[in-house]
Amino acid sequence: MRNFDLCGRGQALVTGAARGLGFALANELKARGFDIIITGRDEKTLKAAADLLGASYYVCELAASGAAKKLYERIKADGHTLSVLVNNAGLGASGEAWTVDEEKDRELIAVNITAATELSKLFLSDACGRGYGALLNVCSVGAFQPGPYTASYYASKAYLHSYTSAAREEAKRYGVSVSSLCPGPLDTDFFKAAGANKPKTSMSAEKAAAYAIPRFLNGRKTIVPGFYNRLARLLPASIKAKYVAKIKGTKN
Ligand SMILES: NC(=O)c1ccc[n+]([C@@H]2O[C@H](COP(=O)([O-])OP(=O)(O)OC[C@H]3O[C@@H](n4cnc5c(N)ncnc54)[C@H](OP(=O)(O)O)[C@@H]3O)[C@@H](O)[C@H]2O)c1
């Protein structure tokens with residue numbers, strides 16, 4: 001894959017960037033000369049993040065039906081042309097598959113799968129038509145294996161990683177780069193929102209983003225921050241799933 005040399009070229013939309021990994025990814029893109037556009041649900045925190053990034057912002061509940069398309073159309077109607085899209089917004093849910101609240105699973109599927117797919121399609125359609133652009137879909141190391149006690153979350157990230165890998169093969173002949181970012185546990189609000197305990201080994205969002213963005217802009221297919229996460233990727237998925245079941249099962 002060639003170097004796409006997108007530095008400083010146009011505008012980058014990062015969803016869910018008021019905090020956590022999204023904010024750190026937006027900050028890395030800003031440092032490379034992109035004009036930043038961010039989304040989030042709470043206007044006050046979103047505006048504060050946008051001020052720090054010198055970014056434009058759009059308040060958007062991505063779980064609502066048709067929200068991704070409306071967001072994309074609003075951004076275009078405001079005169080923005082995106083050369084980069086980072087589908088970062090996402091959420092987890094924990095517990096036995098059948099005990100997870102129905103609404104939580106619905107929101108998770110709507111944001112992690114539906115909104116990410118819809119935004120990918122809209123962006124790729126424009127980028128492939130123009131002949132440049134780069135899409136980064138934030139997945140997880142959970143994309144590489146089944147996740148007992150986080151079944152829908154790992155499955156949603158497996159979907160997004162597979163979708164991203166397929167779209168990459170289609171988009172590359174139009175000069176458009178498509179990548180998956182698959183972090184391990186991060187030191188963000190994610191686990192609290194998912195009703196789970198944060199692992200002690202969590203990496204900072206800043207470290208993960210600093211690792212990810214140069215590789216993304218260089219056209220890397222799958223980006224896995226952290227040596228041990230890259231090593232664990234080599235283990236058979238069935239063994240990792242049994243290990244996770246044992247560890248998380250004894251905590252329940
Ligand atoms: N933390 C981890 O261990 C970890 C590991 C691997 C992958 N990831 C992935 O990394 C991404 C960022 O997570 P994070 O760790 O930074 O967690 P976070 O701090 O909880 O941030 C999640 C972001 O997603 C947005 N979001 C959640 N639900 C939304 C909804 N219904 N509509 C619109 N936006 C919504 C949030 O927006 P608001 O600001 O409006 O709440 C927030 O900005 C996610 O895709 C996550 O799956 C995280």
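Strand S1 (residues 11-14) and S2 pair in the parallel sense through 4 bridges, where two strands count as paired if DSSP finds at least two bridges between them. The model is a predicted one: local features need pLDDT of at least 70, side-chain atom pairs count only at pLDDT 80 or more, and totals for chains, interfaces and linings use all residues. Residues are numbered from 1 along each chain as its sequence is written. Helices (H or I, at least four residues) and strands (E, at least two) are DSSP runs, numbered from the N terminus.

**The sheet**

Let us start with the pairing around S1. Leu-13 stands opposite Ile-37 in S2. From S1 the chain crosses through H1 to S2, and this β-α-β crossover is right-handed; that is, with the strands pointing away from the viewer, the path from the first strand over the helix to the second runs clockwise.

Stepping back, 7 strands form an open sheet in the order S3-S2-S1-S4-S5-S6-S7, with parallel pairing. Strand S3 (56-59) and strand S7 (222-223) stand at the edges with a single partner strand each, so one side of each is left without a neighbour in the sheet. Here are some of the pairs:

| S2 and S3 | 4 bridges | Gly-40 and Val-59 |

The S5 and S6 pair is linked by a right-handed β-α-β crossover that runs through H5.

A residue is buried if 20 or more other C-beta atoms lie within 10 Å of its own, exposed if 12 or fewer, and partly exposed in between, with C-beta atoms placed from the backbone. In S2, 6 of the 6 residues are buried, so the strand is largely enclosed by the rest of the structure. Asp-35, Ile-37 and Thr-39 are buried on one side of S2, and Ile-36, Ile-38 and Gly-40 on the other. In S6, too, 6 of the 6 residues are buried, so that strand is largely enclosed. One face of S6 carries Val-176, Val-178 and Ser-180, the other Ser-177, Ser-179 and Leu-181, and both faces are covered.

**Helix H2**

In helix H2 (residues 43-53), Leu-46, Ala-49, Ala-50 and Leu-53 are buried. Seen down the axis of H2, these buried residues fall within an arc of 100° (taken from the directions from the helix axis to the C-beta atoms), so they line one face of the helix. Lys-44, Asp-51 and Leu-52 are exposed on the other side of H2. The cover over the buried residues includes H1, strand S2 (35-40) and S3. Just after H2, Gly-54 takes a positive phi of about 60°.

**Around the ligand**

Of the 28 residues around the ligand, Gly-16, Gly-20, Arg-41, Gly-90 and Phe-190 come nearest; a residue is near a molecule if its C-beta atom, placed from the backbone, lies within 6 Å of it. Two or more residues of this shell come from each of helix H1 (20-31), helix H4 (102-130) and helix H6 (190-194). H1 gives the largest share, 3 residues. The shell divides into 14 nonpolar, 8 polar and 6 charged residues. Here Ala, Val, Leu, Ile, Met, Phe, Trp, Tyr, Cys and Pro count as nonpolar, Asp, Glu, Lys and Arg as charged, and the others, Gly among them, as polar.

**A buried tyrosine**

Tyr-149 lies in the loop between strand S5 (133-138) and helix H5 (151-171). Tyr-149 counts as buried because it has 21 C-beta neighbours inside 10 Å.

Technical notes
Contact = placed C-beta atoms within 7 Å.
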